Amino acid sequence: MIRHLVLFKLNEGVRRDDPRVVAGVQAFEALGDAVPEVRFWECAWNISDRPIAYDFAINSAVDDAEALQRYLDHPAHQAGVAQWREFATWVIADYPF
């Protein structure tokens with residue numbers, strides 16, 4: 001299996017209650033059920049106030065590299081990415097487990 005981790009940092013001046021952010025979170029909350037390749041899905045706001053902390057996280061798992069690519073190409077994933085691109089940056093890590 002492959003773990004797919006994503007950490008998001010809201011752009012300067014963007015708040016969690018911004019309507020774009022609220023819609024983006026809702027899109028990602030639904031994403032785990034929308035993509036058949038996803039075997040595990042959780043996403044949530046970070047609760048740490050440490051200066052190095054990111055704001056939002058996705059922790060997910062898929063069966064293999066091909067499933068990961070299908071997830072990345074899925075229209076629901078692409079739509080969520082397009083939303084978040086408007087107000088955040090992110091880093092990812094994909095690794096076998």
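What is the order of the 4 strands in the open sheet? The order is β2-β3-β1-β4, and the pairing is antiparallel.

## Basis

This is a predicted model: local features need pLDDT of at least 70, side-chain atom pairs count only at pLDDT 80 or more, and totals for chains, interfaces and linings use all residues. Residues are numbered from 1 along each chain as its sequence is written, and side-chain values use heavy atoms, with hydrogens and water left out.

## The sheet

Strands and helices here are DSSP runs, numbered from the N terminus: E of at least two residues for strands, H or I of at least four for helices. Two strands pair if DSSP finds at least two bridges between them. The open sheet has 4 strands. β2 and β4 (88–96) stand at its edges with a single partner strand each, so one side of each has no neighbour in the sheet. The twist averages 10 degrees from one strand to the next. Axes are lines fitted to C-alpha atoms, for helices over the stretch in contact; angles run from 0 to 180 degrees between N-to-C directions.

Strand β1 (residues 2–10) pairs with β4 in the antiparallel sense, over 9 bridges. F8 has W90 as its bridge partner in β4. I2 stands opposite P96 in β4. β1 also pairs with β3, again antiparallel, over 7 bridges. There, H4 stands opposite S60. Strands of a sheet pair through backbone hydrogen bonds, either parallel or antiparallel.

Contact means heavy atoms within 4.5 Å. Helix α1 packs on the sheet and touches β1, β2 and β3. The direction of α1 makes about 160 degrees with that of β2. Helix α3 also packs on the sheet, touching β1, β3 and β4. The direction of α3 makes about 140 degrees with that of β4.

H77 belongs to helix α3. At 9% relative accessibility, H77 counts as buried (buried is under 20% relative accessible area, exposed over 50%, partly exposed in between; 1.4 Å probe, protein chains only). Neighbours within four places in sequence aside, H77 is in contact with L31, Y71 and L72.

## Aromatic pairs

The structure holds 9 aromatic pairs. Rings of Phe, Tyr and Trp (its six-membered ring) pair if their centres lie within 6.5 Å; planes under 30 degrees apart count as stacked, over 60 as edge-to-face, the rest as tilted. F28 and W84 are stacked, at 5.4 Å centre to centre and 15 degrees between the planes. The pair links distant parts of the chain: F28 lies in helix α1 (residues 19–34) and W84 in helix α3 (residues 75–85), 56 residues apart. Both F28 and W84 are buried.

W45 and F56 have ring centres 5.1 Å apart and planes at 75 degrees, so this pair is edge-to-face. It joins strand β2 (residues 40–45), which holds W45, to strand β3 (residues 56–62), which holds F56; the two residues are 11 apart. W45 is partly exposed, at 24% relative accessibility. F56 is buried, with a relative accessible area of 2%. One aromatic cluster takes in F8, F28, W45, F56, W84, F87 and W90.

## Charges over rings

A charge sits over a ring if NZ of Lys or CZ of Arg is within 6 Å of the ring centre and within 35 degrees of the ring normal. The charged end of R3 sits over the ring of F97, 4.2 Å from its centre. K9 lies over the face of Y54, at 5.5 Å from the ring centre.
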